[in-house]
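Hello,

Here is the structure I promised to pass along. Have a look at it first, and then read on for my notes.

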Amino acid sequence: MSFLARCVLLISIAFLTACLPSTIAVPSTRCKFFIAADGFYRVTSAELQTAGIAIDTIDAATLQLYRGDQPVAIRVQGAGKNLTLDFYARAGDSLHSTFTIYWLTWDAQPGMRMREIVLPEIDAPPSTAVESSIRFAPARVYAPQPGDAAPSWFWQTLDAPITATIPITLPDALPGFARLRVNVWGNTPGAHHLRVEFNDARGADEFWEGRGAHEFEIAIEPRAEVNTLQLRAPGDPRALADVILLSSLEITYTRRLLAQNDQLEFETRAGNFRVAGFRGDAIELYDITAPDEPQRVANAIITPGAITFRTDDPGARRWLTLDPSIARRVSKIAPMLLTNLRARENQADYLILAHPDLATAAQPLAQWRAQRGLATRVITTEEIYDEFNFGAASPDAIRVFLDFVQREWRAPAPRFVLLLGKASYDARDVLNAPNKNLVPTFLVDTLNAEKIASEHAFVARAENDPRPVIALGRIPAQTPDQVARVVRKIIAYETGAPADWRARALLVADDKSPEFVAMADTLAGQLPAHIHAQKIYLAELGGDVKRARAELIARWNAGAGALVYIGHGAVDTWAAGPLFSAAHLGALKNDDRLPIVFTPTCLDGFFNHPRADSLVEELLFKADGGTVAGIAPTGVSFADAQGELMRALFAELFHAPRPTLGEALARAKQKLAPGSRAQREVIATFVLLGDPALAPR
Amino acid sequence: MLDLFRAKKFARIALAILLIGIANARAVAAEVTLVAFSARGDTSAIKIVWTTASERKNWGFNLERSTDQKTWEHLGAQPSVKSQSPCIQNVMGATYEFTDLGRAPGVRYFYRLQTIGQPCGDADRYHDEIISAQVIAPTATPTVTRAASPTATAPIIVSPIPSATRSVAPMLTPTRALPSATATSTKIAIAQIRATSTRALAATPIASSSPMLAHRIATEESDAPADDAIPTQSQNNVARDWRRAGILGAAMLFGAGTLIVGALALIAYLRLRE
């Protein structure tokens, strides 16, 4: 076989490998329901058919619903095209998605069904009121707190002196006393004072100390419909400041048993009860005390617009009564993908884990890497969730998958993992901000900031050793167009002719600490002889940021292979002034003279902000220049620990044989000391925004 | 023997304290907090604008004024400007402005800024930058009529921060005894403070939410050229850096020496007691 023929064959094999689908083209026997709120749901055969599920061919007796790995009882009525499926769902509080996933499977053993129960007969005039609890906890304010279990979202900030007036509707409240439980979070370290007034009646003066959760309960006298709660934070004179975050309110009150929009959820103890207020007579009653196993009451007495029943259970039982025609509809139904991700004969050198909307745009990069000799796979996050996490979005699912790949797939294990998609700390889309959580990341607490994006857990050596075992990068794109732009840059960078600009390293240092200049000088000293260091030190320019910026932009436009900024920084800013920020991107016209940017600073790679893009992201996605990749911190860390990483990274990058960018970063992190908190934080929060297989030139 | 063991233990503890001290002294969190700080003079007022790049444990700011850079006074009868997100982590920062009215023409006024961290459990911190500006002498035919005479002596009037989540949003707390709230000046005529997020500022002109403020800003932009801030300290950054390094080194040496001498004295004392 000629050399040319061998090349064609190899390229063809590589191309086919890259295009090999992860999913198998056989009918799926699973689908998932996207649930946005608690309630009673009904799914019809028409909805299932619309989602591509051939309900006609399914044995309805084998239908089984799950929430995670927990079976959920359903009620199936009819068959074929007239089939309906009822269940009770809880939305939960997923940290990673707006939706909770319930998934349906079939063609196995008979599924779990709702039981029908018979209650004792009525033996006394029924009660028409019960004690009921209602909870208000809208998440509106992002104020991350330290601690794994600590909340990040709150209802409202109460920054004393302030009075917050909150209208509260208590449906069908009866006159009399009720209990109000107030859940707050002390956000300042000193004393706190909160005065609660309900319908103009002074309820309580609550005093407490310190940061953290605090709750208290007061007696209130609610009115039938709209009530007014006033939370007055006067400011405790002992405290320098008093900042309180309101978490939730819970009111336990006596209410009439009247259906609201033909349904009512309520709690009882033993007795006879009557719920009125329905518009029709098609009324059903369910015992939802165990919400995954609701029980349908077979013998409740239905009268026009009302239902009456008796329970002898002295303990608390929760009930749902409704007209089933008003049952909720699931937000979305999607078949669960049948993948071969668990097949042990799988092998890949280079994995692209992409949001489904970006998977097609990833193919050119996969093909490019395949042509360079890497066995490549593009896998969607949806496939991973379906195969490893019962369909639910979570960074843990990606971590579990990558762990499985390393242990179970055929050797050699993957060298590179590229995450393709933006992340956002607003995973539940509370703010409805432009940046969505397409490919989630982990959030960690650091010494200087809370809930900072961290990718290390995806590829960490062990739970207590954050050093990576695979080269990891992320292209935090939101659109296929952004992916295409970065892929074009990567290919242009790797195929571009040798040029003088590639042998230039631009080192920029802030003047606020001698450490910054010292680090820049050290890194310059690590460069091999053929790479020329160009220094722009603010201190040497007398702190003249305008001059420094002009010089930086001029040299950037002329071209440099590496660009290092050392100093104080923020999400889209280098140094006070600012020396350079997202506002100056328009001045960059470096076209395909694309440097790799290194920013030992703070927050410069904060890629999970719902409203803003970090400077390193903006440079990566800039069409007519910018950078080809960046290594930057997502959080706030110490300069000396950052210096350790940079020295190790330069030692890897600039000495033969030159590794890929991702491998150089992984090896540099492996050299740091996980026992040092500062260095552990640097390992956890420095990320590669770009392709980990990029070959620096 | 026991005492010798104790002495060794003491020496180890002293060494640990020394090492921790050195480690902390070296720790520089590379976060920029104040990204811009400028002052611009008008015919009767000086507008001070500052932008934070990020805020974490920040309750607010004290803005101070001086004519000689030696004696500083808080601006106004109010102690401070509240942060837009008091004591709440905000990685994107915000922009604030303050109009110092009633300044005398021809006098150069210096301003400095202090971040108030103590209420949030952090330290208060002066920013390095000192800026200055002066009021321009009024022309014979003023182009605008001002709301207040430059010689008026009314107290500060503060406009609230627009906030969707507050029903009442007083910005300042005159009854609160803040760490360095020693403001006494009553010579400032009318001042406006407002805060907008950096992003909102980029999207919407700063003068859009308050007609009175809009008028004033438009006037300043039309009839007063920008008076470049004098970064009196930042021009000496190199010298300052070395001065800092020297002070740090001296402090470390002094600390180490004190601990070693202390440890030796203790060992000697224990030996003598034997």
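**Confidence**

The predictor gives the complex an ipTM of 0.83 and a pTM of 0.82. Chain B calls for some care: its mean pLDDT is 59, and 39% of its residues reach 70 or more. Within chain B, strand S9 (residues 131-134) has the highest confidence, at 94, while helix H3 (residues 211-223) has the lowest, at a mean of 26. Residues 1-5 of chain B have a pLDDT below 50, and this stretch has two contacts in the model beyond near neighbours in sequence. Over residues 140-245 of chain B the pLDDT also stays under 50, yet the model has 189 contacts for them beyond four places in sequence. Where pLDDT is low, the predicted coordinates should not be read in detail. I would read those contacts with that in mind.

**Domains of chain A**

The domain assignment of chain A gives domain 1 (10-23 + 340-420), domain 2 (30-115), domain 3 (129-256) and domain 4 (481-689). Taken over C-alpha atoms, the centres of domain 1 and domain 3 of chain A are separated by 48 Å.

**Two open sheets**

One sheet of chain A is open and has five strands, in the order S4-S3-S7-S1-S27, with antiparallel pairing. Strand S4 (70-72) and strand S27 (332-335) of chain A are at its edges; each has a single partner strand, so one side of each is left without a neighbour in the sheet. From one strand to the next, the twist averages 30°. Inside this sheet, strand S3 (residues 64-67) and strand S7 (residues 100-105) of chain A run antiparallel and are joined by four bridges. In that pairing A:Gln64 stands opposite A:Thr105.

Another open sheet of chain A has four strands in the order S13-S18-S15-S16, and its pairing is antiparallel. Here the edges are S13 and strand S16 (201-209) of chain A, each with a single partner strand, so one side of each has no neighbour in the sheet. The twist in this sheet averages 20° from one strand to the next. S13(A) pairs with strand S18 (residues 226-233) of chain A over eight bridges, in the antiparallel sense. A:Ala164 stands opposite A:Leu231 in S18(A).

**A buried strand**

Strand S35 (residues 471-475) of chain A is largely enclosed by the rest of the structure, because five of its five residues are buried. Both of its faces are covered: A:Ala471, A:Gly473 and A:Ile475 are buried on one side, and A:Leu472 and A:Arg474 on the other. S35(A) runs parallel to S30(A), and five bridges join them. Opposite A:Arg474 in S35(A) stands A:Leu419.

**Backbone details in the loops**

Where are the cis peptide bonds I noted? One runs from A:Ala160 to A:Pro161, with omega near 0°, and A:Pro161 lies in the loop between strand S12 (156-159) and strand S13 (162-169) of chain A. Another runs from A:Ala411 to A:Pro412, with omega near -5°; A:Pro412 is in the loop between helix H5 (395-408) and strand S30 (416-420) of chain A.

A:Leu603 has a positive phi, near 65°, and is a residue other than glycine. A:Leu603 sits in the loop between strand S42 (596-598) and helix H10 (615-621) of chain A. With 30 other C-beta atoms within 10 Å, A:Leu603 is buried.

Last, A:Ser152 is in the loop between strand S10 (141-142) and strand S11 (153-154) of chain A. A:Ser152 counts as partly exposed, with 17 C-beta neighbours inside 10 Å. Leaving aside neighbours within four places in sequence, A:Ser152 is in contact with A:Tyr142, A:Ala143, A:Pro144, A:Gln145 and A:Lys451.

Best wishes

Notes. Residues are numbered from 1 along each chain as its sequence is written. Chains are lettered from A and ligands numbered from 1 in the order in which they are written. This is a predicted model: local features need pLDDT of at least 70, side-chain atom pairs count only at pLDDT 80 or more; totals for chains, interfaces and linings use all residues. pLDDT is the predictor's confidence in each residue, from 0 to 100. Two residues are in contact if their C-beta atoms, placed from the backbone, lie within 7 Å. Domain bounds come from an automatic or database domain assignment. Two strands pair if DSSP finds at least two bridges between them. Axes are lines fitted to C-alpha atoms, for helices over the stretch in contact, and angles run from 0 to 180 degrees between N-to-C directions. A residue is buried if 20 or more other C-beta atoms lie within 10 Å of its own, exposed if 12 or fewer, and partly exposed in between; C-beta atoms are placed from the backbone.
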